[in-house]
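This report walks through selected parts of a structure for someone meeting it here. Please keep the sequence and the model in view while reading.

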Amino acid sequence: MKRVLLLCAAALSAPALAAPIAITGATAHTARGEEVIQNATIIIDNGRITAIGAGLPAPAGATVIDAKGQPVTPGIIAVPSDLGLTEVGGVRETNDGSARGAPFSASLDMASAINPASLQFAIYRMAGVTRAAAAPDPGKTVFGGQGALVSLAATGPTLIRPRAFQFAEFGQNGARLAGGSRPAAYAQLIHLLDAAKRLAANPAADVGGEDEGSLAKRRDVEALLPVLKGEQLLMIHAERAADIREVLKLKVRYPALRPVLVGAREAWLAAADIARAGVPVITHSLYDLPDDFEGLAASRNNAGILQAAGVTVVLGPLGGIGGTTPVNLPGYAGNAVGQGLIPGGKGLTRGQALASITANPARMLGLTDTGTLEVGKRADLVLWDGDPLELMSTPTNVWIDGVAQPMTSRQTELAQRYKTLGRTDLPLQYPR
Amino acid sequence: MYSNYLLATAALALATAGVAKDKDRDKPAAAAPADVVRIGKDPWPSQYKPYPGQTTVIRGATIYDGTGRRMDNAMIRIENGKVAEIGQTVAMPAGARLIEAAGKYVTAGIIDIHSHLGVYPSPGVDAHSDGNEATSPARPEVWAEHSVWPQDPGFSRALAGGITALHALPGSANLFGGRGVTLKPVYGRSVQELKFPNAPYSLKMACGENPKRVYGSRNQLPSTRMGNIAYARQLWSDATAYKRRWEDYTKRAEAGTAKPTDAPRRELALDTLAGVLSGEILVQNHCYRADEMANVISMAKEFGYKVTAFHHAVESYKIADMLKAEGICSAMWADWYGFKMESYDGIRENIALVDAAGACAIVHSDDANGIQRLNQEAAKAMAAGRRLGLAITPEYAWTWLSLNPAKGLGIADRTGSLEVGKAADVVLWSAEPFSVYARPMQVWIDGALMYDWGDPKRRPIADFELGQPGEGEVK
């Protein structure tokens with residue numbers, strides 16, 4: 001057994017044995033403010049960025065990649081996503097994000113289901129996504145369970161942090177899950193968190209039954225302890241400004257709580273309060289329709305107004321936008337820039353937009369050694385063939401922990417197979 | 001106010017009567033009209049009237065005219081609702097408004113061939129769920145226009161995205177979903193005030209997972225793909241017999257040997273199908289998989305009708321040569337895939353590969369948000385094609401957004417490209433329109449300025465949004 005473990009460890013640290021990589025002639029968008037380093041050299045060794053600067057010489061023996069002036073950015077971090085949990089959304093048996101019939105909720109641990117063989121890994125990776133938060137979709141109570149952080153490295157390791165955050169529903173989804181109203185959702189939320197509070201004070205406290213109908217399960221209450229103590233983020237989906245303010249008030253009741261607002265279409269109406277509370281917001285740059293009665297004020301100005309108020313803004317591949325996918329995160333960030341160019345529009349600068357999909361999610365998730373191009377950071381890098389936020393640009397190279405990633409997927413194989421049609425000596429399904 | 005309303009109603013009645021008279025005039029001279037019962041072709045005619053426009057010249061822009069042509073530092077004159085002149089220089093009539101547009105772009109308006117605006121309006125509450133008459137696998141008697149809420153806030157957002165026409169379709173729960181209607185994103189008090197004048201109707205059909213899931217879960221036909229086809233074939237057979245009955249009756253009535261009471265009973269469902277069989281109604285067919293599209297093509301041949309476009313068509317790239325040979329368009333997303341089993345093989349090169357095979361490629365939205373930036377979807381599709389080695393220019397890719405959907409809707413003689421005499425459905429862009437940073441600055445429909453990014457008085461606010469948080473904000 002020990003021998004097997006040692007072998008694994010050797011395999012994992014394989015990049016350490018590889019020669020250093022020097023990316024030269026790059027336009028480095030570091031995701032530190034508006035910083036752009038022209039003619040940058042980025043040196044990668046042992047999976048980390050060991051040097052970055054204009055015109056640095058490549059070390060002897062290094063593998064040199066000439067960027068030819070093209071942009072290099074930090075890897076994109078997709079949060080929240082269903083990566084590794086869902087293969088085909090409409091095929092129930094391939095979907096492990098939600099468990100409507102389960103007796104448990106907050107204790108459901110997404111790490112137990114992450115499937116590194118999911119073909120989504122390759123598709124997202126080719127688009128420059130290097131890390132992701134695999135989040136549950138609450139199906140039983142307002143709490144959905146504990147999300148995991150994953151790396152998209154083709155050779156693994158995939159799971160980089162289990163139980164990194166708890167995910168909860170507030171607003172109308174929470175109301176539906178809890179029995180039909182917002183007060184019911186609120187009651188369920190505080191019932192479980194209060195139980196965790198009692199458990200924290202007294203480990204022998206009776207905080208939950210084991211029968212089907214019990215209002216709390218001990219296992220779920222235990223899972224909320226790190227949330228209560230602020231050791232684990234609490235991502236809460238809330239859209240309406242009033243719901244958002246209720247979430248902020250939870251910090252009064254549970255002082256250590258570290259909420260993150262998800263969705264937050266109407267957050268711009270409460271931007272100053274959110275900023276004062278120091279609560280990050282994960283939203284989408286393209287929400288602009290009154291899709292429902294909790295998003296009546298949805299506006300593409302949301303991200304820009306929040307940013308200006310001092311809120312940490314993360315753009316996520318959230319639902320409510322048809323076809324939303326982590327693949328398009330750079331485009332969503334680019335659209336946030338575009339919004340600022342409209343008369344009366346509030347948008348992000350290019351630096352802020354890039355940070356909203358790299359540095360900000362990294363900081364929010366506590367992935368402190370990722371998210372920017374800086375010495376000492378993990379070498380999660382993307383080399384692009386044009387402006388990274390433009391729709392027509394695509395990565396030409398992706399490195400994760402300093403390891404060059406394959407740039408093929410099942411999709412590229414399909415395209416190659418059907419690129420040329422017409423009858424051949426054997427059906428297309430024979431390798432050519 | 002009240003008397004105005006009465007006047008308007010009277011005007012509508014007159015307009016309707018006028019249309020009826022025109023129809024009468026079109027009938028064969030030999031017939032005795034009073035004695036022949038006929039099925040009206042357009043009983044709910046458009047009451048859309050172009051809004052007043054000003055003669056406008058846009059100077060210095062780069063123009064993508066929608067036919068695939070690009071003109072740099074060019075000019076266009078909009079006059080009397082039409083494209084009056086386009087080229088390197090155009091005449092500048094006295095009193096015309098001049099827009100200096102150096103560095104800006106002008107394109108033909110975007111046409112979305114697949115929208116559910118109006119039938120699934122915002123807010124998306126159950127009370128607004130009017131897109132699927134999922135009470136039978138075949139409901140060709142329902143018309144999307146009778147579900148359209150002309151106050152859908154989504155129309156204003158689509159307009160701001162450069163949309164100048166859209167096709168509102170029933171959903172895909174049914175094999176035969178009902179008739180689709182072509183609209184302009186112009187608010188009105190009735191759907192008829194949004195209707196694109198004299199645009200052909202469509203029949204929304206669907207294959208694959210949706211119908212078999214919806215009805216199979218109720219333990220009724222169809223629960224399988226073979227059930228889908230069997231059900232549809234029976235209905236086409238019924239429609240053929242129905243059409244024959246009416247043709248037989250009409251022939252006899254025109255010969256004076258049939259009385260009006262001999263006319264067959266009208267079946268509204270079969271009216272629609274007979275309209276397809278006679279080529280007046282265009283089939284817009286939701287279908288994902290290549291093999292299922294091939295089955296539908298065989299079915300269409302068996303019963304003598306034509307599929308105008310496959311919608312979603314995520315596997316069109318596998319049969320692009322077949323689609324070219326059959327003259328069938330594909331209306332596609334740029335990159336949606338994998339959300340259901342039948343979309344598992346979606347690839348980003350789909351649109352470009354269909355186009356490269358010489359088949360008709362269209363970028364569609366099927367989404368109240370996506371309709372706002374079809375230019376961005378086309379940009380992604382073009383880039384994917386280029387990476388595969390296909391040479392595609394932006395001006396050419398614009399045909400996926402304007403002329404091809406216009407063809408797919410049977411309105412290409414009037415819109416879809418900036419050619420002299422066609423409708424002035426025009427968008428002025430702040431930058432190259434395939435850039436993520438570009439936005440429509442101004443949008444003209446039939447020569448009327450209906451949207452201006454810098455003028456709140458040219459940005460409509462739907463009734464629903466009045467008094468709501470965020471009313472009138474830049475969205």
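## A strand pairing in chain B

His286(B) has His311(B), a residue of S11(B), as its bridge partner. This pairing belongs to a predicted model, in which strand S10 (residues 282-287) of chain B and S11(B) run in the parallel sense and are joined over five bridges. Another link between these two strands is the one in which Asn285(B) has Phe310(B) of S11(B) as its bridge partner.

S10(B) also pairs with strand S9 (residues 202-206) of chain B, again in the parallel sense and over five bridges. Here the bridge partner of Ala206(B) is His286(B) in S10(B), the residue that is bridged to His311(B) in S11(B).

## How the strands are covered

Because six of the six residues of S10(B) are buried, this strand is largely enclosed by the rest of the structure. In a regular strand the side chains alternate between the two faces of the sheet. Both faces of S10(B) are covered, with Leu282(B), Gln284(B) and His286(B) buried on one side and Val283(B), Asn285(B) and Cys287(B) buried on the other. Strand S11 (residues 307-312) of chain B is mostly covered as well, with six of its six residues buried.

## Two crossing helices

Helix H4 (residues 225-254) and helix H5 (residues 268-277), both of chain B, have axes that come within 9 Å and cross at roughly 85°. Angles of 65 to 115 degrees count as roughly perpendicular, and H4(B) and H5(B) are therefore described as roughly perpendicular to each other.

On the H4(B) side the contact is made by Leu235(B), Trp236(B), Asp238(B), Ala239(B), Thr240(B), Tyr242(B), Lys243(B) and Trp246(B), and these meet Leu270(B), Leu273(B), Ala274(B) and Leu277(B) of H5(B). The residues of this contact divide into nine nonpolar, one polar and two charged.

## Where the chains meet

Between the two chains, 52 residues of chain B are in contact with 44 residues of chain A. The elements of chain B that give two or more residues to this side are helix H2 (153-160), helix H7 (320-326) and helix H9 (374-387), and H9(B) gives the most, with six residues. By type, the residues on the side of chain B that touches chain A divide into 24 nonpolar, 12 polar and 16 charged.

## Confidence of the prediction

The predictor gives the complex an ipTM of 0.94 and a pTM of 0.94. Chain B averages a pLDDT of 93, and 93% of the residues score at least 70. Over residues 1-32 of chain B, however, pLDDT stays under 50, and for this stretch the model has 11 contacts beyond four places in sequence.

Terms used
Residues numbered from 1 in each chain as written. Chains lettered and ligands numbered in written order. Predicted model: local features only at pLDDT ≥ 70, side-chain atom pairs only at ≥ 80, totals over all residues. Contact = placed C-beta atoms within 7 Å. Helix = DSSP H or I, 4+ residues; strand = E, 2+ residues; numbered from the N terminus. Nonpolar A, V, L, I, M, F, W, Y, C, P; charged D, E, K, R; others polar. Axes fitted to C-alpha atoms, helices over the stretch in contact; angles between N-to-C directions. Parallel < 35°, antiparallel > 145°, perpendicular 65-115°, else oblique. pLDDT = per-residue confidence, 0-100. Buried ≥ 20, exposed ≤ 12 C-beta atoms within 10 Å, placed from the backbone. Pairing = 2+ DSSP bridges.
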